[in-house]
Each structure stands twice: as structure tokens, then as C-alpha cells.
Amino acid sequence: MAISDLWLKACQFTAFDADAGEAWGGSGMLLRSGERGIDYLVSARHCFTWAKEGGQRVHAKKFMLLIPALPNRPEVTFTDVYQAKLEATTDGIIEHPQNLAGGLRNDVFQVRVDGQTRRERYDYVDVAAVALGNACKELHPINFWKEEDFVANCKGDQMPGSPVSVLGWPEFWPGELVLPLARSGALATPMAVNLRRYPAFAIDALAHAGTSGGPVIWNPTKQLESVGGSVQLGGVRAWLAGVFVASSPEAQVGYAVHASEIATLLAKGQGLSYQFLR
């Protein structure tokens, strides 16, 4: 039985400040941009910063990436999977242009607790990226998402309840987990529609702390493929739908920023920028 290569399209990382005095982390994914010829680590923006006591924010300068990897050679199988450990440094985080323009003013994440409304305010687009230079040059191409994998390129229907998966590494997991933990769920709101003014959609799935920044995968369609000269129904084609950013246990849903915001980030974002909002 074949194992999907989607298991290899997520990574976990530990982030350090300039003096390696503070450390935190999250989940993420690797993106290889054919247009720019650059490899990126993409994750939730809040995974790249750390709030100290008193509200001061620490920004990541160094990264240790843990990646489920295959040797970059022909004819490998999942029995060859190992945990690649890569170090990377950065002069800055690629920030979303809307954040640099002043951010958002939203109260989209509202939940009712004991008869009272509590607002989980998000006043920034929670996705960011780091250019990795040559750190990933030895990795197998299977580890990378590409722009053509974004869900915007899919012609399938966004049916209510169509399946989604979230990949990531929860903080609570005991011992070493080489491959990500997958949480399955369903599409709760259309991906083509923002939640109020916030560029995100809801999924009927929760994920634990540590999963933030992991890929949200949508796999709604069967693809036609040519077999022996005739066209027949093939396997499921999966698409990168977004970046997982938050769970609302009270509402029993999770939230993901649209994958299209990654494209916006890389096309218009200000690289080497530390103009964080707070």
C-alpha cells in the first residue's frame, strides 16, 4: 500500500532570538518558488515572534528546522524516512503587506462563554515567511509545496463538508514524532469567502498548541489520468488550502488563512522587515 507524500509536506521548527536566549516554535511548511528560485519557510506569523512579560516582542533570528525527509536519490520508500535537522539564520521576516500598511481591525473570532461574548482579536494577517537561502538544497523535492499546488488552481467545487486535513506537531506529544500528526475535518465555510474582512476560512476541526503554521490540505476531487491510452478516474489530488492559525474550542472550529495570502506575501511583502505591529 502506498503512503502519500503529503506526510512530508510539513515541518516543525524552533525559533531563537539573536542571543539564543529565548526559544519557541511551531509547525510550518517549505515552499519552493520556481518563479523566484527561492526556498521559504512559511508559517503563522505568531510563530515567528514571542511576547515577553510586559508586552515586549522578541523576533526570531535563528531557526532549527526538523523535517521528515527522504534521501535525495531515485527509488526511495517510506522506510527511508529520517528526520533532517537544518539550521538557518535570517536578517528579517517577510511580513504581509497589509500588516505593514497598518494592519486590520477585526473582531471576527467571537465566542460565547457563560453567556458573555469574548473576542479573540486578530488585527494582522497571521502568515509570514523566511527565505532559507541554501539551507534546503540537499532535501528531496517532495518536501516542498509549489505555487501550482495552491487551491486557487483547483477547478473543483467547494462543497460544504468536503474533507480537509491539518498537519503539525502538537506540543504535548511525548518523545520524538518524525512525521506530523494529521487532524481531519471538513470545510465549514467557503475558501473563496473571507470571514468578515479577515482573509481566512473556518474548518470543522480543532488542533492542539504547536500545530499553528501547519498546512491545511483540501482534497476534494478525483483526477483524470491516462492509463494504457485511455482516460480513467485516478487518485485524489490534494491542494494547499491555507495556513492553520487558531482553534476556538468553544465554537469547535479551527481557522486557516487563505493560501492565496502566501502568494500575496511573497509577491508584495517587504522582505528583511521587522515592522511588526506589536
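Let's start at a ring face: Lys9 lies over the face of Trp145, 5.5 Å from the ring centre, where a charge counts as over a ring if NZ of Lys or CZ of Arg is within 6 Å of the ring centre and within 35 degrees of the ring normal. This is a predicted model, in which local features need pLDDT of at least 70 and side-chain atom pairs count only at pLDDT 80 or more, while totals for chains, interfaces and linings use all residues. Residues are numbered from 1 along each chain as its sequence is written, and side-chain values use heavy atoms, with hydrogens and water left out.

**The chain as a whole**

- The protein chain has 2 helices and 19 strands; helices (H or I, at least four residues) and strands (E, at least two) are DSSP runs, numbered from the N terminus.
- Of the 278 residues in the protein chain, 47% are buried, with buried meaning under 20% relative accessible area, exposed over 50% and partly exposed in between (1.4 Å probe, protein chains only).
- Among contacts (heavy atoms within 4.5 Å) in the protein chain between residues at least 6 apart in sequence, 68% join residues at least 24 apart.

**Aromatic rings and charges over them**

- There are 3 aromatic pairs; rings of Phe, Tyr and Trp (its six-membered ring) pair if their centres lie within 6.5 Å, with planes under 30 degrees apart counted as stacked, over 60 as edge-to-face and the rest as tilted.
- One of these pairs is Phe13 with Phe48, which is stacked at 5.6 Å centre to centre with 25 degrees between the planes.
- That pair links distant parts of the chain, as Phe13 sits in strand 1 (residues 11–16) and Phe48 in the loop between strand 3 and strand 4 (49–51), 35 residues apart.
- Phe13 counts as buried because its relative accessibility is 4%, and Phe48 counts as buried because its value is 0%.
- Phe48 also pairs with Phe63: their ring centres are 5.7 Å apart and their planes stand at 90 degrees, so this pair is edge-to-face.
- Because Phe48 lies in the loop between strand 3 and strand 4 and Phe63 in strand 6 (residues 62–69), the pair ties together parts 15 residues apart in sequence.
- Taken together, ring pairs link Phe13, Phe48 and Phe63 into a cluster.
- Ile93, in strand 8 (residues 93–95), is 45 residues from Phe48 in sequence but 7.8 Å from Phe48 in space, C-alpha to C-alpha.
- Ile93 is buried, with a relative accessible area of 0%.

**Nonpolar cores**

- The largest nonpolar core has 56 residues, and those touching the most other members are Leu30, Leu41, Val42, Phe63, Leu65, Leu139 and Ile262; such a core is a set of buried Ala, Val, Leu, Ile, Met, Phe, Trp, Tyr and Cys residues joined through side-chain atoms within 4.5 Å.
- Strand 17 (residues 230–248) gives the most to this core, with 5 residues.
- Leaving aside neighbours within four places in sequence, Leu30 is in contact with residues including Cys11, Leu41, Leu65, Leu139 and Trp145.
- A second, separate core of 16 residues includes Val151, Val216, Trp239 and Ala241.

- Asp39, found in strand 3 (residues 38–43), counts as buried because its relative accessibility is 9%.
- The side chain of Asp39 makes a polar contact with the side chain of Arg32 at 2.8 Å; a polar contact is a pair of N or O atoms within 3.5 Å, where within protein one must be able to donate a hydrogen and the other to accept it, and residues adjacent in sequence count only if both atoms are side-chain atoms.
- Not counting residues up to four places away in sequence, Asp39 touches Leu31, Arg32, Val130, Ala131, Leu132, Gly133, Cys136 and Phe144.
- Glu261, in helix 2 (residues 260–268), is buried, with a relative accessible area of 12%.
- Beyond residues up to four places away in sequence, Glu261 touches His96, Val125, Val127 and Pro199.
- Tyr82, in strand 7 (residues 82–89), counts as partly exposed because its relative accessibility is 37%.
- Tyr82 and Val178 are 96 residues apart in sequence and 7.2 Å apart in space, C-alpha to C-alpha.
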